Amino acid sequence: MAAMMQPQIILLKEGTDTSQGKPQLISNINACMVVADAVRSTLGPRGMDKLIHDDKGNTTISNDGATIMKLLDIVHPAAKILVDIAKSQDSEVGDGTTTVVLLAGEFLKEAKPFIEDGVHAQNLIRSYRTAAYLAINKIKELAVSIEGKSVEEKKSLLAKCAATTLSSKLIGGEKEFFATMVVDAVMAIGNDDRLNLIGIKKVPGGTMRDSFFVNGVAFKKTFSYAGFEQQPKKFVNPKILLLNIELELKSEKENAEIRLSDPLQYQSIVDAEWNIIYDKLDKCVKSGAKIVLSRLAIGDLATQYFADRDIFCAGRVAEEDLSRVTAATGGTVQTSVNNILDEVLGSCEVFEEKQVGNDRFNIFSGCPSSQTATIVLRGGADQFIEEAERSLHDAIMIVRRALKNSTVVAGGGAIDMEISRYLRQHARTIAGKSQLFINSYAKALEIIPRQLCDNAGFDATDVLNKLRQKHALPSGEGARFGVDINTGGISDSFANFVWEPAVVKINAINAATEAACLILSVDETVKNPKSESAQGEAAASAMGRGRGGAFRGRGRGMRRR
């Protein structure tokens with residue numbers, strides 16, 4: 001009787017949505033599998049592209065996992081974790097974003113039947129972490145170092161890594177052409193970690209083959225005044241002056257007050273203004289510089305003045321471009337034209353202004369510091385050039401990682417099959433349920449070669465059986481065999497130069513396992529009703545504002561007139 005009299009305890013606010021236990025975990029796994037399905041078809045050289053149209057009317061065509069994940073507005077809290085791992089893979093190594101989402105989705109898919117059968121999630125998590133540790137050690141063991149090679153050999157090896165990355169992109173048809181360009185760009189900036197030292201400029205028109213590499217700086221001609229056409233457009237070994245000041249005639253500010261006793265004195269004030277600007281220009285000319293670049297405006301008077309003295313000038317140069325010119329030419333940006341020393345002037349072998357498509361480009365090449373490079377991209381449509389830029393960014397990141405970590409593994413699903421074989425073998429030595437879980441982890445790794453076959457239109461079961469047989473050879477000679485995308489059979493990926501840096505695979509397996517374990521460890525979701533209603537009210541008020549004055553006075557909470 002006493003038990004019946006117990007009052008009901010209300011812990012959470014009315015309307016709070018709580019879901020917990022096994023159904024909640026299964027629901028989270030299903031959401032993640034849907035996300036993985038969204039990017040599944042973009043994997044590999046024969047992967048399809050996605051066309052994403054956002055609410056602002058912008059259209060993006062891409063097959064880069066991270067880009068697609070960012071543009072898909074995912075609201076499911078558990079599925080957002082997959083978006084985060086794709087972003088972290090992109091910022092850490094630049095490539096393998098689709099791989100990491102696919103692996104995480106597949107790990108969860110393999111875990112689902114165990115959860116439904118009543119296995120505790122912690123048992124799965126423990127086994128998955130063990131399997132990931134074993135897999136990463138195996139990758140390190142199988143990786144081949146490219147250290148100790150000559151510069152030319154290293155360049156060709158890095159170009160192979162870049163070509164593997166680019167083969168799955170929209171510009172895969174010209175992968176050799178762009179791979180050498182990417183390697184040259186990364187070699188040009190040396191050990192510097194700043195990615196913004198490699199500039200990528202996009203010019204619509206022409207074909208992909210019209211793209212070119214500048215070992216130095218190239219930027220679009222800035223806004224210019226009359227007199228600009230009279231300036232020389234080519235210099236050999238010029239001195240370059242970099243400024244952060246305006247070279248324009250400045251009138252006194254409106255609120256300045258000057259009291260004159262004699263009207264004739266007014267002329268002397270006007271003359272003083274002119275003398276200030278002429279004095280600045282004179283000092284620029286005396287410095288011996290043949291090219292003057294400024295972040296701020298260079299006016300029409302200054303443009304004409306420089307043109308008369310055979311000096312090239314450009315004002316309003318973007319800060320990013322000016323900092324790259326600084327790095328390349330060895331100059332220093334000046335905030336005053338007084339006491340300009342020779343040490344602060346930059347230099348380059350050749351400066352010229354060239355026509356590229358409809359635009360004019362200022363190109364500095366043969367720079368002494370040469371710690372910067374520019375790739376000028378051409379192509380038919382804007383979306384195509386945008387995707388080409390994203391592809392090059394991935395390739396640049398991969399080459400940088402390969403230079404730093406200098407170990408590569410065989411691509412084309414070869415490394416995944418080898419780890420899968422190794423884990424299945426290891427699982428047989430373990431007694432207990434853990435054997436099943438590690439086996440399921442090994443099976444999940446096979447999704448990479450399987451998906452490569454599916455996307456290329458081959459029979460995945462047939463190809464996977466051949467790969468399993470090859471990898472199971474006791475001599476170990478089949479360890480580098482992967483899917484041959486061109487023939488639909490299997491081939492030695494390493495001999496065919498389908499390589500990827502070991503760090504990409506290590507990072508992908510680490511991130512995918514962590515994400516899977518994180519989702520498996522969540523057994524309850526609490527949705528706060530207040531935050532939902534606040535969002536709804538914010539949306540409603542935004543709609544009311546968007547409709548203008550048509551409904552004025554009728555809105556909720558507004559006083560009637």
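Glycine 94, whose phi is positive and near 90 degrees, follows helix 4. The model is predicted: local features need pLDDT of at least 70, side-chain atom pairs count only at pLDDT 80 or more, and totals for chains, interfaces and linings use all residues. Residues are numbered from 1 along each chain as its sequence is written, and side-chain values use heavy atoms, with hydrogens and water left out.

Helix 4 covers residues 80-92. Helices (H or I, at least four residues) and strands (E, at least two) are DSSP runs, numbered from the N terminus. The 13 residues of helix 4 reach 18 Å from the first C-alpha to the last, close to the 18 Å expected at 1.5 Å a residue; the expected span is 1.5 Å times one less than the number of residues.

Among the buried residues of helix 4 are Ile81, Leu82 and Gln89. Buried means under 20% relative accessible area, exposed over 50%, and partly exposed in between (1.4 Å probe, protein chains only).

| Covering element | Residues |
|---|---|
| Helix 2 | 22-40 |
| Helix 3 | 65-71 |
| Helix 5 | 97-116 |
| Helix 12 | 382-405 |
| Helix 17 | 502-520 |

Elsewhere, tryptophan 274 is found in helix 9 (residues 265-286) and is partly exposed, with a relative accessible area of 33%.

In the chain as a whole, there are 18 helices and 20 strands. Buried residues make up 47% of its 561 residues. Of the contacts with a separation of 6 or more, 76% involve residues 24 or more positions apart.

Methods: Contact means heavy atoms within 4.5 Å.
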